[in-house]
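Me: I would like a close look at one part of this model. Please take the charged pair and what surrounds it.

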Amino acid sequence: QKPMTATTTMMMPSMATDLEEEVEELPSMDPGSLLPLAQKALGANTGQSTLDTTSWSIAARMKARKHAFNQLAARKDKTLKFDTSQQYTFEFYQHLLDFGEEGLAIDMGQPIGKVGLSRALDGQPLKFMSAH
């Protein structure tokens, strides 16, 4: 089993039927949220309770989840594993990729702008993978 990462967003009770649905960052008190698992792994010996993110913005919830999983990754903690009986969603950062006529580029925003990937990829395909 592979360890969970910061891009894993939530457990899903069933598969979504619309791939264009907005990504949702569940509050930590929702049973589908992964933040309590990460917080438990981080604070297993300290007796800390789960942080309640119900009133937080989506961006703040994402930041809290990413921070917790990045801390686990930094300490090379492998206690959290993917469960093959669950369905997960992942961030893809598609809002940063531009598949325009000039070739694949990453939009870095102002002041950098778009950065072409063609040279870095050297003709190799950009891989997208999902595994079960």
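Is E25 buried or exposed?

Reply: E25 is buried, with a relative accessible area of 4%. Buried means under 20% relative accessible area, exposed over 50%, and partly exposed in between (1.4 Å probe, protein chains only). A note on the basis comes next. This is a predicted model: local features need pLDDT of at least 70, side-chain atom pairs count only at pLDDT 80 or more, and totals for chains, interfaces and linings use all residues. Residues are numbered from 1 along each chain as its sequence is written, and side-chain values use heavy atoms, with hydrogens and water left out.

Now the partner. E25 forms a salt bridge with R65. Their closest N and O atoms are 2.8 Å apart. E25 lies in the loop between β1 (8-12) and α1, and R65 in helix α2, so the pair ties together parts that are 40 residues apart in sequence. R65 is buried too, with a relative accessible area of 1%. The count is 1 salt bridge, by the rule of a side-chain nitrogen of Lys or Arg within 4 Å of a carboxyl oxygen of Asp or Glu. Helices (H or I, at least four residues) and strands (E, at least two) are DSSP runs, numbered from the N terminus.

Next, helix α1. It spans residues 35-42 and is mostly covered. Of its 8 residues, 6 are buried: L35, P36, A38, Q39, A41 and L42. What covers these buried residues includes α2 (58-74), where contact means heavy atoms within 4.5 Å. Helix α2 also holds R65, the partner of E25.
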